[in-house]
Amino acid sequence: MSTSENLPPNAYRLPRSNQLEGLMTIIRDKNTSRGEFIFYSDRIIRLLVEEGLNHLPTLPKQITTETGEDYDGVGFEGKVCGVSILRAGEAMESALRECLRSVRIGKVLVQRNEETGEARLYYAKLPEDIHERFVLLLDPMLATGGSAIRAIEVLLSKGVKQDKIVFLNVLSAPEGLKVMYEKYPKMKIVTGWVDRKLDERNYIVPGLGDFGDRYFA
């Protein structure tokens with residue numbers, strides 16, 4: 001994982017590669033069909049989930065191989081769950097399930113009041129033991145950070161420690177990353193790409209449009 005000189009200390013970006021840049025080009029293109037948008041978004045999300053898991057702590061674990069030899073490996077330090085911010089975050093659940101068998105996934109619905117800009121919580125369903133788990137928070141887009149902050153407030157209110165949250169997103173705005181660091185410096189963020197800025201409507205530019213609409217419409 002590489003960091004950029006423009007990223008806050010708690011943020012990590014997938015290393016730029018020909019593959020990643022090609023995938024991002026496809027999903028940004030307004031002429032990309034919904035089927036292709038889903039397929040190539042899923043590939044990026046899988047990369048994000050794999051990298052997110054790399055940021056979870058491990059403990060030494062000794063096992064015995066089929067040859068009868070002892071092997072000193074590692075296992076995750078604690079239980080893990082996912083929490084998707086509805087509705088776009090649901091697009092990231094399949095990749096998490098592919099990487100962690102039988103993983104528990106909670107859901108949070110946060111919507112922004114267009115007049116006040118305030119993020120309001122409408123629904124939350126989380127594992128009862130979430131305070132004992134490491135949480136992978138799922139939302140493809142990080143713009144102002146308002147929705148994510150409200151979702152994180154819910155997690156903290158349930159006893160989740162800030163340093164046990166890893167926030168995964170496909171595309172971030174620098175403004176959102178800055179706000180998240182100022183608010184939650186102990187939480188890690190893993191993003192696929194950092195775009196130029198937010199425009200006057202708080203849309204990420206150059207961006208890719210509304211991720212949820214393009215994925216689920």
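Start at Phe211. Leaving aside neighbours within four places in sequence, Phe211 is in contact with Phe37, Ser41, Ile45, Ala88, Ala91, Pro140 and Met141. Contact here means heavy atoms within 4.5 Å. This is a predicted model, in which local features need pLDDT of at least 70 and side-chain atom pairs count only at pLDDT 80 or more, while totals for chains, interfaces and linings use all residues. Residues are numbered from 1 along each chain as its sequence is written, and side-chain values use heavy atoms, with hydrogens and water left out.

Phe211 also has an aromatic partner. Phe211 and Tyr215 form a stacked pair, 5.7 Å centre to centre, with 15° between the planes. Rings of Phe, Tyr and Trp (its six-membered ring) pair if their centres lie within 6.5 Å; planes under 30 degrees apart count as stacked, over 60 as edge-to-face and the rest as tilted. Both residues lie in helix 6, four residues apart, about one turn of the helix. Helices (H or I, at least four residues) and strands (E, at least two) are DSSP runs, numbered from the N terminus. Phe211 and Tyr215 are both buried. Buried means under 20% relative accessible area, exposed over 50%, and partly exposed in between (1.4 Å probe, protein chains only). The whole structure holds four aromatic pairs. Ring pairs link Phe37, Phe211, Tyr215 and Phe216 into a cluster.

Now widen the view to the core. The largest nonpolar core has 40 residues, and Leu136 and Phe211 have the most contacts inside it. A nonpolar core is a set of buried Ala, Val, Leu, Ile, Met, Phe, Trp, Tyr and Cys residues joined through side-chain atoms within 4.5 Å. At least two residues of this core come from each of helix 1 (18–28), helix 2, helix 3, strand 7, strand 9 (165–172), strand 10 (188–194) and helix 6. Helix 2 gives the most, with eight residues. There is also a second, separate core of 28 residues. Cys81, Leu126, Leu137 and Leu155 are among its members.

Turn to the strands. Two strands pair if DSSP finds at least two bridges between them. Strand 4 and strand 5 (residues 104–112) pair in the parallel sense over six bridges. Leu86 has Leu109 in strand 5 as its bridge partner. Strand 5 also pairs with strand 6, here antiparallel, again through six bridges. Val110 stands opposite Leu121 in strand 6.

Charged side chains come next. A salt bridge is a side-chain nitrogen of Lys or Arg within 4 Å of a carboxyl oxygen of Asp or Glu. By this rule the count comes to 14 salt bridges. One of them joins Arg46 and Glu98, with the closest N and O atoms 3.0 Å apart. The pair links distant parts of the chain: Arg46 sits in helix 2 (residues 34–54) and Glu98 in helix 3 (residues 93–99), 52 residues apart. Arg46 counts as partly exposed because its relative accessibility is 31%. Glu98, at 56%, counts as exposed.

Another salt bridge brings together Lys79 and Glu132, at 3.4 Å from N to O. Here two loops are linked. Lys79 lies in the loop between strand 3 (70–76) and strand 4 (80–86), and Glu132 in the loop between strand 6 (119–125) and strand 7 (134–138), 53 residues apart. Lys79 is partly exposed at 39% relative accessibility, and Glu132 is partly exposed at 42%.

Helix 6 returns with Asp213. The side chains of Asp213 and Arg87 meet in a salt bridge of 2.4 Å, N to O. Asp213 lies in helix 6 (residues 211–216), Arg87 in the loop between strand 4 and helix 3, and 126 residues separate them. Asp213 has a relative accessible area of 37%, so it is partly exposed. Arg87 is partly exposed too, at 39% relative accessibility. Salt bridges that share partners also join Lys79, Arg104, Asp129, Glu132 and Arg133 into one network.

Two further lysines complete the tour. Lys164 lies over the face of Phe134, at 4.7 Å from the ring centre. A charge sits over a ring if NZ of Lys or CZ of Arg is within 6 Å of the ring centre and within 35 degrees of the ring normal. Lys178 is found in helix 5 (residues 174–183). Lys178 is partly exposed, with 49% relative accessibility. Between Lys178 and Leu138 there are 40 residues in sequence and 18 Å in space, C-alpha to C-alpha.
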